[in-house]
Amino acid sequence: MADTHYAVSIRRIYDAHTDMLKGYKLILWMRDVDDWVAMAARDYPTGMLEPIPQQTLDDADTLARIFQCKNYRNDETEMWE
């Protein structure tokens, strides 16, 4: 059973000046009353058009297992509903 107090997601990181993809950020979220608060994050730099690195996906799966929570990967739509 997944813990509804925690969640894991992956977001894209863009360069503020060029809007080019710089990499991905793995985020561990904690539920605080009616909102999600980022508790920890780690950046995974990549090239401009590279897909999500396998290490990022593996680390997201590992965190979800440790915290027994849902892994939203790169689609947080359901998380914010």
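In helix 1, the buried residues are Thr56, Leu57, Asp59, Ala60 and Ala64, where buried means under 20% relative accessible area, exposed means over 50% and partly exposed lies in between, with a 1.4 Å probe and protein chains only. Helices (H or I, at least four residues) and strands (E, at least two) are taken as DSSP runs and numbered from the N terminus. This is a predicted model, in which local features need pLDDT of at least 70 and side-chain atom pairs count only at pLDDT 80 or more, while totals for chains, interfaces and linings use all residues. Residues are numbered from 1 along each chain as its sequence is written, and side-chain values use heavy atoms, with hydrogens and water left out.

An α-helix has 3.6 residues a turn, so residues three or four places apart point the same way. The length of helix 1 can be checked as well: at 1.5 Å a residue its 13 residues should span 18 Å, and the end C-alpha atoms are 18 Å apart, which agrees, the expected span being 1.5 Å times one less than the number of residues. Helix 1 is followed by Gln68, whose phi is positive, near 45 degrees.

The largest nonpolar core has twelve residues, namely Val8, Ile10, Leu21, Tyr24, Leu26, Leu28, Tyr44, Ile52, Leu57, Ala60, Ala64 and Cys69. Such a core is a set of buried Ala, Val, Leu, Ile, Met, Phe, Trp, Tyr and Cys residues joined through side-chain atoms within 4.5 Å. At least two residues of this core come from each of strand 1 (3–14), strand 2 (21–32) and helix 1 (54–66), and the largest share, four residues, is supplied by strand 2. In soluble globular proteins, nonpolar side chains tend to be buried together.

Leu26 shows how these elements meet, with contact meaning heavy atoms within 4.5 Å: leaving aside neighbours within four places in sequence, Leu26 is in contact with residues including Val8, Ile10, Tyr44, Ala60 and Leu63. A second, separate core of six residues includes Ala7, Ile27, Trp29 and Tyr72. Leu21, placed in strand 2, counts as buried because its relative accessibility is 13%; Leu21 and Val37 are 16 residues apart in sequence and 24 Å apart in space, C-alpha to C-alpha.

Ser9 lies in strand 1 and, at 0% relative accessibility, counts as buried. Apart from neighbours within four places in sequence, Ser9 is in contact with Lys25, Leu26, Ile27, Trp29, Tyr72, Arg73 and Glu76. The side chains of Ser9 and Glu76 are joined by a polar contact of 2.5 Å, a term for a pair of N or O atoms within 3.5 Å in which, within protein, one must be able to donate a hydrogen and the other to accept it, residues adjacent in sequence counting only if both atoms are side-chain atoms.

Asn71, in strand 4, has a side chain joined to that of Asp61 by a polar contact of 2.9 Å, and the side chain of Asn71 also reaches the backbone nitrogen of Arg73 at 2.9 Å. Beyond neighbours within four places in sequence, Asn71 is in contact with Val8, Ala60, Asp61 and Ala64.

Turning to the aromatic rings, there are two aromatic pairs, where rings of Phe, Tyr and Trp (its six-membered ring) pair if their centres lie within 6.5 Å, and planes under 30 degrees apart count as stacked, over 60 as edge-to-face and the rest as tilted. Tyr6 and Phe67 form a tilted pair, 5.0 Å centre to centre with 50 degrees between the planes. This pair links distant parts of the chain, since Tyr6 is in strand 1 and Phe67 in the loop between helix 1 and strand 4 (69–71), 61 residues apart. The rings of Trp29 and Trp80 have centres 5.5 Å apart and planes at 90 degrees, so the pair is edge-to-face. Here Trp29 is in strand 2 and Trp80 in the segment after strand 4, 51 residues apart. Trp29 counts as buried at 6% relative accessibility, whereas Trp80 is partly exposed, with a relative accessible area of 40%.
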